[in-house]
Amino acid sequence: MAFPVMSLLRLARAGFVMAREGVFGLVSLPDLPAGPRFAIAMARLLERRAVKNKSAELRLSDALNKLGPSYVKLGQFLATRADVVGKEAARELSLLQDRLPAFDHEDALAAVSEQLGRPVDEIFAEFGEAVAAASIAQVHPAVIRDRDGNERKVAVKILRPGVARRFQRDLQSYYLVAHLAERFHAPSRRLRPVAVVDTLAQSVAMEMDFRLEAAALSEMAENTAGDPGFRVPKVEWLQTAKGVLTMEWIDGRKMSDVDGLAEDGHDLEALGAMVIQSFLRHTLRDGFFHADMHQGNLFVQVDGTLVAVDFGIIGRLNKRERRFLAEILFGFITRNYKRVAEVHFEAGYVPPDQDVDMFAQAIRAIGEPIHGHDASEISMARLLTQLFEVTELFEMRTQTQLIMLQKTMVVVEGVARSLNPNLDMWRTAEPVVGNWIREHLGPVGKVRDAGDALASLARIANDMPLFANRIGRMSEELEKMTHQGLRFDEETAEAIGKAEARHTRSGRVALWVIALSLGVLAVQSLL
């Protein structure tokens, strides 16, 4: 593997910045070999004096913010991969705030004009200064006027100039590290670091195409049209492009302002329950959920309606995965640990060569404490975290969709508990989880599944004449080949001829090399 010089230089700069900000001082691995321990000790000599008293999350946050948007996003992404970076580092990275200074207003106007193909003053009646800025984009308030002359306030999200190019450049450095890890550190291969960077690259590419975020908003709006107390902003499609997203302006209070919500007279306990139930409803019913549902992306309107924004990161679970998730939760509630273990094997989460009974015993060690404590002391997020920790002992393969689910569950529970510290997770979740289980795993669900199976068989039966026709033609072709030999069309024959010619020329060259070598040996023997 070639090592691009620029990638090495960028990695060296990143290492220097992290050393200056004291990040290496957070490393505490007593089992490290002498070489890495010496390297960390040398790096710590570069620490600035001011970082000695900084907390761990501030050290990481400052270092990644100084390195730029792609490293901020990398830190947030790795917060979902405790299996890769460790539990402590993942917890510290989860506190990383994605806030950066806004880029120049004139650059924002130029970007909007370029993306939408018209001057800004022809598109918007008003266009204000940025009110929020993050690693990938910033948001401006604006006003649009419809054909009837009616005005409405909108939020315009604009991609940072040059951010896509910066991400591509830094991704080369990430790939370099991943390839080095896989080549020289055998234990890391199980964690598939190259695949981790692939996932990051795909996630960022989708997040930087605002047309996809607009589509996610539209899909969520359709899914939740009948949900009481929850909605998402409406997309203004005519003012949306790859690098610009225009949507309804939301007047409301951010959920991070708990004191302000209380002053507004909102029922904090009801809001906490709404957050949990909305997330579970989207996950189990729709298989489509907001995967970045922190306080900064949630607004509460005057009437108590919860509004979610920023759909750059979403998660999906297919019907099969939703059934597995529901059965696992239901198994914990009913203390049927053997069934929980069997579901893991049926889903393919645990290799088939592992022992089901041993795995059920490990699951019991997690589940029993649930039934010995008050419900308000039980954390569903902690339950899922412990569950995935145990499955690692049984060589559970990385399941990206479950890691995203786990991360979002932790975030959502944190939001709900910030509103109601005594939140009863099971009682809050039961209306959604219980209804889903009764509907899909009960008699009605069995009948519906049987109907789906019959519909699939009917589709196959309808396609049988087409399959039979294809098989008949294939049989005829095989019979012709048996009697007449294999024939090619002119293009294929010409390609084979060229390949054969190259092979013949290569063969002649090889023979000449061998002959000359033998000649040299013969002359040397005579001398």
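The legends below describe several close-up views of one predicted model.

**Conventions for all views.** Residues are numbered from 1 along each chain as its sequence is written, and side-chain values rest on heavy atoms, with hydrogens and water left out. Because the model is predicted, local features need pLDDT of at least 70 and side-chain atom pairs count only at pLDDT 80 or more, whereas totals for chains, interfaces and linings use all residues.

**Figure 1. Overview of the protein chain.** The protein chain has 21 helices and 11 strands, where helices (H or I, at least four residues) and strands (E, at least two) are DSSP runs numbered from the N terminus. Of its 527 residues, 41% count as buried; buried means under 20% relative accessible area, exposed means over 50%, and partly exposed lies in between (1.4 Å probe, protein chains only). Among contacts between residues at least 6 apart in sequence, 66% join residues at least 24 apart, a contact being heavy atoms within 4.5 Å.

**Figure 2. Helix α13 and helix α14.** The axes of α13 (residues 268-286) and α14 (residues 319-334) come within 8 Å and cross at roughly 125°. Axes are lines fitted to C-alpha atoms, for helices over the stretch in contact, and angles run from 0 to 180 degrees between N-to-C directions. The two helices, α13 and α14, are therefore oblique to each other, given that angles under 35 degrees count as roughly parallel, over 145 as roughly antiparallel, 65 to 115 as roughly perpendicular and the rest as oblique. On the α13 side the contact is made by Thr283, Leu284, Arg285 and Asp286, and on the α14 side by Arg322, Leu325 and Ala326. These residues divide into three nonpolar, one polar and three charged, with Ala, Val, Leu, Ile, Met, Phe, Trp, Tyr, Cys and Pro counted as nonpolar, Asp, Glu, Lys and Arg as charged, and the others, Gly among them, as polar.

**Figure 3. Helix α15 against helix α16.** Helix α15 (residues 337-347) and helix α16 (residues 356-367) have axes that come within 8 Å and cross at roughly 120°, and α15 and α16 are therefore oblique to each other. The crossing of α15 past α16 is right-handed, a crossing being left-handed if the near helix is turned anticlockwise from the far one by less than a right angle, and right-handed if clockwise. From α15 the contact involves Tyr337, Lys338, Val340, Ala341, Glu342, His344 and Phe345, while α16 contributes Val356, Asp357, Phe359, Ala360, Ile363, Arg364 and Gly367. The residues of this contact divide into eight nonpolar, two polar and four charged. Buried residues in α15 are Tyr337, Val340, Ala341, Val343, His344, Phe345 and Ala347, and α15 is followed by Gly348, whose phi is positive, near 80°. Within α16 lies Ile366, which counts as buried because its relative accessibility is 7%; the C-alpha atoms of Ile366 and Phe332, residues 34 apart in sequence, are 9.1 Å apart.

**Figure 4. His290 and its surroundings.** His290 lies in strand β8 (residues 288-290) and, at 2% relative accessibility, counts as buried. A polar atom of the His290 side chain lies 3.0 Å from the backbone nitrogen of Asp292, and a polar atom of that side chain lies 2.8 Å from the backbone oxygen of Val309. Not counting residues up to four places away in sequence, His290 touches Met220, Asn297, Ala308, Val309, Asp310, Phe311, Ile313 and Thr408. Of these, Asp310 is placed in the loop between β10 (306-308) and β11 (314-316), is partly exposed with a relative accessible area of 23%, and has a phi near 60°, a positive value in a residue other than glycine.

Figure 5. Thr305 lies in the loop between β9 (298-300) and β10 and is buried, with a relative accessible area of 13%. Its side chain makes a polar contact with the side chain of Asp303 (2.9 Å); a polar contact is a pair of N or O atoms within 3.5 Å, where within protein one must be able to donate a hydrogen and the other to accept it, and residues adjacent in sequence count only if both atoms are side-chain atoms. Leaving aside neighbours within four places in sequence, Thr305 is in contact with Gly229, Phe230, Arg231, Phe299 and Val300.

**Figure 6. Arg49 in the loop between α2 and α3.** Arg49 lies in the loop joining α2 (34-44) and α3 (56-67) and, at 79% relative accessibility, counts as exposed. The C-alpha atoms of Arg49 and Glu21, 28 residues apart along the chain, are separated by 9.3 Å.
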